[in-house]
Every structure is written in structure tokens, then in C-alpha cells.
Amino acid sequence: MTGQDRFAQVILPLAVEGHFTYSVPEPLLKRIAPGSRVLVSFGKKRIYSAIVKSLHAEFSWDFNPKPVLDLLDDYPMVRESQLQLWEWMSAYYMCTTGEVMRAALPSGLRPESESRIRISSSYEDRGELDRHERLLFEVVREEGEVTPGDLQMAGVARNTLTVLKRLVEKGAVEINEFMRPGAGKRVTAYIRLAEAYRNESSLHMLLDQLARAPRQLQLLEAFLETSGTVPGKDSSPVLKRNVVKLHGGRAALAALLKKGVLEEIVKEEMGRHPAPGGRKQREPFLLNQDQEKALSSIREQFQSHQAVLLQGVTSSGKTEVYIHLITEMLERDRQVLFLLPEIALTTQIIERIKQVFGERVGVFHSRYSDARRVHVYRNLMGLTDEDPYRVIIGVRSAIFLPFKRLGLVIVDEEHETTYKQHDPAPRYHARDSAQVLALYHDARVLLGSATPSFESLYNARTGKYGFATIPSRFGSAERPEIILANTAEATKRKQMISHFTPQLMRGMEEALAKREQVILFQNRRGYSNYLICNECGHIPKCERCDVSLTHHRVSGKMECHYCGHKEAVPHRCPSCGSTRMSMKGFGTEKIEDEIALIFEGIRIGRLDTDAARSVRGYEKVIRDFESGKLDLLIGTQMLSKGLDFENVSLVGVLDADSMLHFPDFRAFERSFQLIAQVSGRAGRRGKRGKVIIQTMDPSHPVIQFIYHNDYEGLYAAQMEERQLFGYPPFRRMIRITFRHRVPSILDGATDLAGKALKKIFSNRVYGPQYPPVRKIHNTFQKQIILKIEREASYERARSLMKEVLDQFAGNEVYRSVRISINVDPY
């Protein structure tokens with residue numbers, strides 16, 4: 001910056017329009033630059049870390065801007081190409097730059113102040129507090145210092161924040177702001193008993209003293225039991241994150257640390273995350289003729305196209321083609337971003353990529369700790385003691401990393417819906433955003449899939465993308481045999497065993513007898529879909545959402561898959577009192593139970609979000625199945641994400657029909673993709689596998705397309721329908737969702753918006769209408785869809801739509817209606 005640039009325009013991590021200007025104090029003038037992290041105050045008390053967007057010499061408004069409080073780093077932490085991507089994403093996906101910033105930076109790189117509550121030193125207790133105020137006051141006094149979240153977790157009042165506000169007004173407590181430190185070096189915190197209390201007499205005395213602070217006493221007793229502390233011996237440290245989970249929680253732990261009863265010790269972690277194959281173990285394999293032809297085609301088309309679509313059948317060896325392209329990029333001193341749709345898929349890919357590229361590979365996704373993600377970010381900025389990663393493997397959020405010499409972006413399984421972020425904003429699609437990211441680096445993009453999205457196929461057919469193909473499986477592997485099992489006919493003839501047709505039963509018996517592995521696919525988790533009264537037909541629904549509750553055997557509860565609400569399974573009908581209640585439908589849990597009854601003694605695993613909630617959970621299930629510790633694996637769509645198991649000879653699709661009748665214009669496309677991808681897990685290493693698809697309607701067009709492996713036929717039929725009815729890729733779709741707790745207010749707001757939009761966009765506006773699930777979290781929602789021609793100006797359409805929606809901010813009746821915009825909502 002020049003000596004005259006005394007004003008900084010910054011991006012705040014908030015959902016507020018525009019940027020904000022602050023004055024730069026003299027000591028910071030020579031060090032501040034675009035991309036720097038700064039601390040600024042915003043509102044009455046809050047302090048946020050912001051990113052400097054630009055610097056200016058003049059300030060044209062008639063008030064004095066607040067000063068920048070501090071500069072957090074000696075160097076900018078956000079590159080120019082990142083700021084460009086943020087601005088593009090904000091404009092295209094119709095959100096604020098602050099919302100993009102929150103998604104782009106790990107929370108450890110955007111510290112902000114935290115409200116902490118203490119007893120006011122000047123307060124004199126004269127007994128004027130009511131019962132709820134007294135309870136809250138006593139919690140604060142006992143703990144010394146708490147956050148609003150701690151008070152809500154204490155559960156001493158229904159409306160904690162209202163009671164807290166009354167205490168502040170009476171001067172009983174005060175609220176101050178404290179800065180929470182951001183993540184620095186990766187460290188692990190442990191808690192141990194202070195040395196002064198390690199003998200028996202002092203420990204007993206301490207426990208007696210804490211009788212007046214029951215939460216602290218309960219936490220200390222639980223800690224002593226967990227750590228196995230014995231008086232007179234060294235105390236065993238316990239992970240801090242585990243101590244926080246003990247009875248009493250974070251507030252009680254903070255009080256005990258402050259009193260010196262417990263001590264916190266910190267150990268610095270090693271830089272890189274140890275993973276199998278950390279050191280280079282092999283060179284890239286030689287490619288077969290089809291792979292070599294595809295690689296040559298990709299190289300050639302990268303000369304004239306920024307993006308190339310690679311369509312390779314399942315088990316064709318696309319990953320090895322990727323490895324050869326990565327090798328070429330690294331030889332040219334360029335970086336590679338390898339995007340995957342699912343965290344579960346990273347386990348196998350990390351091992352295969354690290355076998356070739358060793359320590360040059362970094363991994364980045366949301367299931368890792370914030371400290372680990374900050375470490376990867378700082379590594380790419382060149383701020384660690386290690387060489388910067390040359391290859392990054394990650395899920396969609398990895399597109400926000402600070403690449404310096406990006407040369408190639410690989411989007412594996414590019415058709416997957418998990419590349420699309422739905423909530424919260426920014427509601428971006430990583431596949432499309434990656435192509436914009438690549439433009440800023442003059443990089444190339446390779447999209448890979450056995451069943452590409454119809455949009456990508458259309459772009460390849462119209463010349464926007466290059467196109468390459470691998471038509472055959474690697475080695476001698478044949479395409480699996482597809483068998484259609486008619487569940488309607490088997491049910492009629494009373495041949496069904498539980499949810500399994502005779503064909504599937506025979507297939508499982510034969511595979512297990514040969515010590516081969518089996519995969520069963522059911523795209524619904526839980527035990528049963530719903531509970532129904534056989535007398536009056538009543539179905540228990542979520543009290544907060546417009547959906548039926550799903551029974552989960554593990555928790556023994558009825559659960560809502562939208563808001564997480566749980567309740568006990570009723571023994572009597574809540575409507576008529578009948579005891580004749582029965583469960584309908586089946587999920588992965590029920591299949592697991594029934595397989596265990598039918599095939600006694602076999603080892604069964606389950607892969608869904610209930611069974612594998614953490615990275616380690618995913619990895620354990622996958623490794624156990626891969627190593628042969630499991631005979632049969634039951635799972636949801638997580639099974640379709642490109643996993644490779646060499647001993648799987650049979651895949652069973654238990655209910656193909658449920659996917660076909662989903663209310664979505666992409667239902668047929670996604671049904672084919674999902675079933676084809678799951679089918680690809682069978683017979684991948686030299687022996688032909690078998691896929692048994694259970695369906696009520698084997699003659700359904702999509703089932704027939706799957707049976708004949710005719711993806712081109714489905715594409716042609718669907719493109720004709722989409723062009724006729726104005727769906728993507730022929731038109732751009734924008735979905736506007738309105739939310740409010742009062743249906744009448746919601747109806748009025750959407751009617752008003754619909755009329756205003758139709759005046760401008762005419763028959764391009766569809767709705768307003770309620771979606772299939774009209775209430776979530778006690779909030780009703782209604783939607784308006786816009787379909788805009790591809791050749792029309794999107795910028796102009798966006799501007800006109802924003803003008804209409806901005807009118808709600810000034811409308812007294814409808815200003816409380818929440819509005820969210822989802823561009824390309826698929």
C-alpha cells in the first residue's frame with residue numbers, strides 16, 4: 001500500500017450486505033495489505049476478525065470510521081485469487097461475501113469475541129430476584145464465569161436469555177466480551193490433578209470443600225474415576241475434550257482450573273497426519289490400451305478446453321489415469337486439487353495416492369479437527385516448517401484453500417449430489433465453482449464418472465467440455481450380470497423370505513458358501529419407515545416437522561431425520577388407544593437384524609450415517625470389509641461412492657422402486673446413477689460379479705435402461721423431456737424459499753412476492769407452492785421457482801429479482817419472513 005492508503009475496506013464473517021470501512025492506525029500502515037486478517041469492532045461490543053478487501057486513500061462519508069484494532073498476522077492470509085472466488089461466489093449464488101468467508105476459512109482463522117457472564121461486583125443481594133432469576137444467579141456465582149451457552153445447558157430456566165436480560169437490567173450480573181484465540185499450532189490438551197492434591201488427606205479435604213459447588217464436585221469425582229487416580233501416585237492425564245463431556249461440563253472445568261485443583265498440559269502434535277502409505281511406495285502403474293488412449297485424449301483436449309469430461313465404466317481404472325496426470329503436473333511444479341464427494345471415499349483414495357506421492361499429499365475435510373484444517377491452510381501459505389503440499393485430497397470445502405500454483409483440479413464422481421451445498425449459504429456447487437477457481441490459476445479441470453450428470457454430458461456434446469472415455473473394465477474383469485427380481489410376483493406366490501426374493505436368497509447362499517463377500521443396498525437408514533395403528537390408521541409424526549417418525553433399533557426411539565427430535569415408541573395408539581400398532585417399511589437396521597437371523601454366525605457390517613458418525617467410524621467399517629473381517633455389508637448410498645472391494649461377488653439392491661418415484665425431475669437420472677454405481681462394486685478383480693435388483697415393476701423404462709446398461713438411451717429420453725418442459729441444462733433454475741412460523745403470514749408474503757416476480761418474469765415464475773415437507777423445526781416453508789433461459793442475461797435477472805426481494809426488508813408485516821435463494825438447486 002502507499003503511505004496515503006489510510007482506510008481499509010473489510011469483509012466481515014456475517015450475513016450482512018456490502019463491505020465496511022475502517023481507518024488504519026499509523027503503526028499498521030506499512031504492514032497491512034489486501035488479504036490481511038484484522039480485528040475490528042462491529043455493533044455495540046462484538047469484536048470480529050475480518051479480511052481486508054482493499055485499501056483506499058480517501059473516505060467519502062460524513063462520519064469518522066472506527067479504527068482497525070489489530071493486525072493478526074505479519075503476512076496476508078488470503079490470496080488475491082481467493083478474494084476473486086469469494087466475490088464471484090457471492091454474486092452468482094446470491095449471498096453475502098461474509099457468508100462465503102465463513103465457509104472458506106476454518107474457524108481457527110476467524111476468531112471472534114465471546115460473551116461471558118459474571119456477578120457484578122457492585123451488586124447487593126436484597127432478595128428482589130424471582131425464582132428463575134435466583135437459580136440463574138446462583139449458577140453464575142457458583143461457577144464464577146459462564147457463557148450464555150453454559151447457562152442454557154444448565155437447564156435452570158425455560159427461556160434462559162430472557163431471565164439473563166432481567167438479571168442484567170437489575171445489575172445482578174454483567175456481560176463482557178473476551179476474544180477467543182484462533183487455532184495456532186496443532187496441539188492436544190490434557191487435564192491432570194494438581195500435585196498439591198495428590199495425597200489422600202488433601203484430596204479428602206478438597207472434596208469436603210467442594211460440597212458447596214455440586215457441579216464442580218461431580219466433575220472432579222468423575223475425573224478421578226476416569227483417570228484412575230490413586231492418592232500418593234502420579235495422576236494420569238485425561239484428554240481435555242473427554243473431561244468436558246463429564247458431568248458438570250465446560251463451566252465446572254474452568255472453575256476447577258482457575259482454583260488450581262486441576263492443571264491443563266498441552267502437547268504439540270506432529271506436523272503431518274500419519275496415514276497408511278505416508279512414504280512413497282510405488283511408481284504409477286502401466287496403463288492398458290484403453291487407459292492410455294483416454295490419457296492421450298485428455299492431454300490433447302486440455303490444449304483447447306479448460307474442462308474435460310472422462311466417462312469410464314466402473315472398475316475401468318480412472319484413478320490410475322488421474323495418478324499419471326498428477327505426476328505430469330508435479331513435474332511442471334504445479335499443484336493438484338483432488339475433489340471427492342464423500343468423506344467415506346477419502347480413506348481408500350488417500351492410501352492409493354500416498355503410495356505414489358508420499359508426504360507431498362495433504363488431506364482436508366470438515367470431519368478433521370479445526371487445528372488440523374488450519375495446519376493444512378497454513379502449510380499451503382508457506383507458514384509451516386514443512387514443504388507445502390503439492391496434492392490436496394478433499395471434499396467440496398477444499399476449493400477455498402490458498403493455492404499458489406494450481407495446475408489441475410480433478411472432480412471424481414462428478415455426478416454426486418454431495419458436491420452441492422444446500423444450507424447454510426453459500427449454496428454453491430463445488431464442481432462448477434472449481435471451474436471458476438481453475439480460471440483464476442490458468443489450471444485445467446478433469447471431471448470423472450461412470451455415469452456423468454446429464455448437464456456435464458450436455459456440455460461435452462455441445463463442445464463446452466472436452467470428452468474422453470474408458471469403455472471397458474480394467475484387466476479381465478467383466479461387467480456384472482444383472483438379474484431383475486420381481487418382488488410383486490414373489491409376494492403373490494408367497495416366496496419372499498422377509499424382504500428377500502428367492503433369487504437374492506440363492507445368490508447370498510452361494511456367495512457366502514464360497515467365502516465371497518456380499519453387499520446389500522437399501523437407501524434408507526433406521527429400522528422401519530413408520531409406525532401405524534391398525535385400527536384407525538394413525539401414524540406418529542414429528543411434533544416439529546411435517547414428517548413421520550422413523551424407528552431406530554439402536555436408540556430404541558422414534559426419530560425425525562429432519563430436526564433430530566426423538567421420542568419413545570408408543571405402546572398404544574395416541575389417537576384411539578389401540579395396542580394394535582405395526583411397523584411398516586424397512587431400513588438398514590432392520591435388514592441387519594434379519595440377515596443375522598437368516599444366516600447365523602456370519603459377520604455383518606453396516607455403513608450409514610448412524611453406524612459411522614466419525615471419520616474413524618467410516619474407516620473402521622471400510623477397512624474391516626476390505627480385509628475380510630466382514631462377510632456382508634449393508635448400507636445406504638455411501639456404498640456407491642467409488643469404493644473398491646476385491647472379494648465382492650454379489651450386490652443386492654433391495655428396493656429400486658423407492659428412488660424412481662421421488663418428486664424430482666432428476667429422479668430417473670439419479671436412480672440409474674445410484675444403482676449403476678452400487679452395481680459396480682461387484683466382481684471388480686478378474687471374476688464376473690452378480691447384481692440382483694429387486695423391483696415391483698421390472699418393465700419400468702429406467703429399470704430396463706439399467707438392465708441393458710443403456711445410459712445413452714436414458715440421456716436421450718430425458719433430454720427430450722427437459723427441453724420440452726424447460727428444465728436444466730436448457731434453462732437455469734433458481735429456487736426462492738420463504739420461511740415463517742405463521743402460515744397466514746407466509747401465504748401473504750409468498751403471494752405478494754409471486755405477483756411482483758410474475759410482473760417482471762411472466763411465465764418463467766412457478767409457484768408459490770409448499771414443498772413435499774412443508775414444516776421443519778416448527779417453521780413453515782413455501783417456494784417459488786424461476787426458470788431463466790440460458791441465453792438471457794443472468795446478471796440482469798438477478799438484479800431484478802433482488803429488487804423485488806429487498807422490498808420485504810421495509811415491509812412491517814412481512815419483514816420477519818426469512819428468505820433464502822438457491823441457484824442451481826440440484
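**Salt bridges in the predicted model**

Arg 192 and Glu 263 form a salt bridge in which the closest N and O atoms are 3.0 Å apart. Arg 192 belongs to strand β8 (residues 187–193) and Glu 263 to strand β10 (residues 262–268), so the contact ties together parts of the chain that are 71 residues apart in sequence. Arg 192 is partly exposed, its relative accessible area being 29%. Glu 263 is likewise classed as partly exposed, at 28% relative accessibility. The structure is a predicted model, and the count for it comes to 39 salt bridges.

A further salt bridge joins Asp 333 to Arg 390, with 3.5 Å between the closest N and O atoms. Here the linked parts are both loops: Asp 333 is in the one between α11 (318–331) and β12 (335–339), and Arg 390 is in the one between α13 (370–380) and β14 (391–394). The two residues are 57 residues apart, and the pair links distant parts of the chain. Asp 333 is partly exposed, with a relative accessible area of 42%; this value lies between the limits of 20% for buried and 50% for exposed residues.

The side chains of Arg 606 and Glu 592 also meet in a salt bridge, at an N to O distance of 2.7 Å. This pair connects strand β25 (residues 604–607), which contains Arg 606, with helix α18 (residues 588–598), which contains Glu 592; the partners are 14 residues apart. Both Arg 606 and Glu 592 are buried.

Salt bridges also occur as a network, in which Asp 130, Glu 133, Arg 166 and Lys 170 are linked.

Terms used:
Residues numbered from 1 in each chain as written. Predicted model: local features only at pLDDT ≥ 70, side-chain atom pairs only at ≥ 80, totals over all residues. Heavy atoms only, no water. Salt bridge = Lys/Arg side-chain N within 4 Å of Asp/Glu carboxyl O. Helix = DSSP H or I, 4+ residues; strand = E, 2+ residues; numbered from the N terminus. Buried < 20%, exposed > 50% of the residue type's maximum accessible area, 1.4 Å probe, protein only.
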